[in-house]
Protein chains: 2
Amino acid sequence: MSQQEIKTILSKKIKEIDKILEEYLEIPSSYEKVIHEAISYSLFAEGKRIRPILMIEAYRMLNSDITGVKPFAAAIEMIHTYSLIHDDLPAMDNDDYRRGKLTNHKVYGEGIAILAGDALLNLAFETMIQGALEHNSILALQAMKVIGKAAGVKGMIGGQAIDLLSEKQELTFDTLHYIHEHKTASLITGALQAGIILSGGNSEQIERIKAFGYALGMAFQIQDDILDQIGSEEALGKAIHSDQKNGKLTYLSFESLEIAKEKVRYFSNQALESLAYFGDSAAFLIQLTNYLMNRSY
Amino acid sequence: MSQQEIKTILSKKIKEIDKILEEYLEIPSSYEKVIHEAISYSLFAEGKRIRPILMIEAYRMLNSDITGVKPFAAAIEMIHTYSLIHDDLPAMDNDDYRRGKLTNHKVYGEGIAILAGDALLNLAFETMIQGALEHNSILALQAMKVIGKAAGVKGMIGGQAIDLLSEKQELTFDTLHYIHEHKTASLITGALQAGIILSGGNSEQIERIKAFGYALGMAFQIQDDILDQIGSEEALGKAIHSDQKNGKLTYLSFESLEIAKEKVRYFSNQALESLAYFGDSAAFLIQLTNYLMNRSY
């Protein structure tokens, strides 16, 4: 399949995720208008929807009826979006643009941006709770546990905290590795793992998808660092060299571009090897992995 | 029972809540040290622990073994604490002191304070999920749904947003009422309702506890407004007239002190009437209601 063909399929899948997200946003009362607008502004900002797509496709390898995974797919994108809103705040990365649009606090002010992030995290769990009440509660709770951990202090938030504390100070390669593992790979792995759990996967299948998620997440993050250095500002929709601007160290602060590219290939191969276990049912995830590793945005 | 006697009992119950909270805080790795410290700083800042105490005591009216309610009691206090950390931020109320101590961002910086709040909200749900996996999952999920709604856009966050948007602009009495209902009464009612649900209460019992929670929450908030105007700075541990400082309107911007006190009595009586339904088992909650309405801090 060509990059263009998979891009077309992804566009369709992105629209499906948009529809799922709309389903789980409640109709606001007049008092809730502004906060609801701020939430929608960031939630429908043309995200790549990587995490919910990965979750649904992992689920689909074992179960073709995706009804039960939908609320969790919505939730993982809400969590990702809240983390971006808070990450962009002046007290954090202080970014004015995200995906080619002004960041949330630039439009709604810092206070509302903080609350919109809080609201999205809360709504993510509300959405999963409703999903758990409507479908298999025990599998749902197990998936929620995985997602909660992936998003928390032992996962994404832990990574954000070290990332923040490491700005403008000596950072070791080990610490950078911790940040990559926690800030990026953690939620990607959690999304995939939740997909397999919800579809009733066994412990061997769960282990394989975790290995896939970890390798994909690491490849994805190093590729991000490469694109931040060499990508075009236009294609990325955000300022390039933004990490350098913030005095942040990236993979390329420690390794040459060649070695970084080699690492992306290494982790991509690891990812593909883990997928092989799932046989033909992994066809789409294999295509997606290849696509993500060759992306220019 | 005298104010002093109930105060002694409450001190004991507060210590119990502290112990429960400690149980649900995970041991941090070295990377998690700072964020864990920031979380603990605010979580163990001598809070009144009103919400978990109310939840446990509501639960105890129907069930004396409180094992199943503990993770939820911890969670409601985590949610309350995260809301205080974010509420104190410069972009929100901009408060330097809380309960006689520097606010979280004054000690750890704004970025870590934002993340510590996020972490507490996330941990609250993680804690409830674990509780749901260990005890009655369906009752637990129903309680989680109530708490999630009470904390979200249709509850506390909605109240915070309107509170923020109303600063320094014309505020109607209706809007103030909305803020009180959502910012304060919502989480108190959610805590009580979750307690009854977890103990297996029926729909009539749930309705009565909701009515109690609403009346108690409203009385509590108006009492807060009164104390902010007439209380002593020392006893409150925070700057009084802080609402005025922020240009915020309170109940006393619309009504005289006399009418405000009358309203506290009115809602307290409503609260006590709803409790009467539970007979003798409500003895402690009755005492607590009387105590809270006569508090000076």
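Is A:Arg99 buried, partly exposed or exposed? This is a predicted model, and in it A:Arg99 is partly exposed, because 15 other C-beta atoms lie within 10 Å, whereas burial requires 20 or more and exposure 12 or fewer. The residue belongs to the loop between E1 and strand E2 (101–102) of chain A. Its backbone deserves attention as well: phi of A:Arg99 is near 50°, a positive value in a residue other than glycine.

A:Asn94 may be considered next. This residue, although not a glycine, has a positive phi of about 55°. A:Asn94 is placed in the loop between H4 and strand E1 (97–98) of chain A. A:Asn94 counts as partly exposed because it has 15 C-beta neighbours inside 10 Å.

A:Glu23 is situated in helix H1 of chain A and is exposed, since 11 other C-beta atoms are found within 10 Å of its own. Between A:Glu23 and A:Pro71 there are 48 residues of separation along the chain, and their C-alpha atoms are 9.0 Å apart. B:Glu26 occupies the loop between helix H1 (3–24) and helix H2 (33–43) of chain B. Its 14 C-beta neighbours inside 10 Å are the reason that B:Glu26 counts as partly exposed. A separation of 45 Å lies between the C-alpha atoms of B:Glu26 and B:Glu170, which are 144 residues apart along the chain.

The third, B:Glu77, is part of helix H4 (residues 70–88) of chain B. B:Glu77 counts as buried because it has 26 C-beta neighbours inside 10 Å. Which residues surround it, leaving aside neighbours within four places in sequence? B:Glu77 is in contact with B:Ile17, B:Leu21, B:Arg49, B:Arg51 and B:Pro52. From C-alpha to C-alpha, B:Glu77 is 25 Å from B:Lys248, at a sequence separation of 171 residues.

Attention now turns to a helix of chain A. Helix H3 (residues 50–60) of chain A is mostly covered, with ten of its eleven residues buried. Those buried residues are A:Ile50, A:Arg51, A:Pro52, A:Ile53, A:Leu54, A:Met55, A:Ile56, A:Glu57, A:Ala58 and A:Tyr59. The cover over the buried residues of H3(A) includes helix H1 (3–24), helix H4 (70–88), H9, helix H10 (203–230) and helix H15 (283–293) of chain A.

Apart from neighbours within four places in sequence, A:Ala116 is in contact with A:Ile35, A:Ala38, A:Ile39, A:Ser42, A:Ile85, A:Asn104 and A:Tyr108.

How do H8(A) and H9(A) pack, and at what angle? The angle between H8(A) and helix H9 (residues 173–198) of chain A is about 145°, and their axes are 7 Å apart. The crossing of these two helices, H8(A) and H9(A), is left-handed. On the side of H8(A), the contact is made by A:Met156, A:Gly158, A:Gly159, A:Gln160, A:Ile162, A:Asp163 and A:Ser166. H9(A) contributes A:Thr175, A:Tyr178, A:Ile179, A:His182, A:Lys183, A:Ser186 and A:Leu187. Sorted by class, the contact of H8(A) with H9(A) comprises five nonpolar, seven polar and two charged residues.

The remaining topic is the contact between the chains. In this contact, 45 residues of chain A meet 45 residues of chain B. Helix H2 (33–43), helix H6 (110–134), helix H7 (137–151) and helix H8 (156–166) of chain A each supply at least two residues of the side that touches chain B. H6(A) provides the largest share of that side, 16 residues. By class, the residues of chain A that touch chain B are 27 nonpolar, ten polar and eight charged.

The same surface serves both copies, as 100% of the contact residues of chain A recur in chain B.

Terms used. Residues numbered from 1 in each chain as written. Chains lettered and ligands numbered in written order. Predicted model: local features only at pLDDT ≥ 70, side-chain atom pairs only at ≥ 80, totals over all residues. Contact = placed C-beta atoms within 7 Å. Helix = DSSP H or I, 4+ residues; strand = E, 2+ residues; numbered from the N terminus. Nonpolar A, V, L, I, M, F, W, Y, C, P; charged D, E, K, R; others polar. Axes fitted to C-alpha atoms, helices over the stretch in contact; angles between N-to-C directions. Left-handed = near helix turned anticlockwise from the far one by under 90°.
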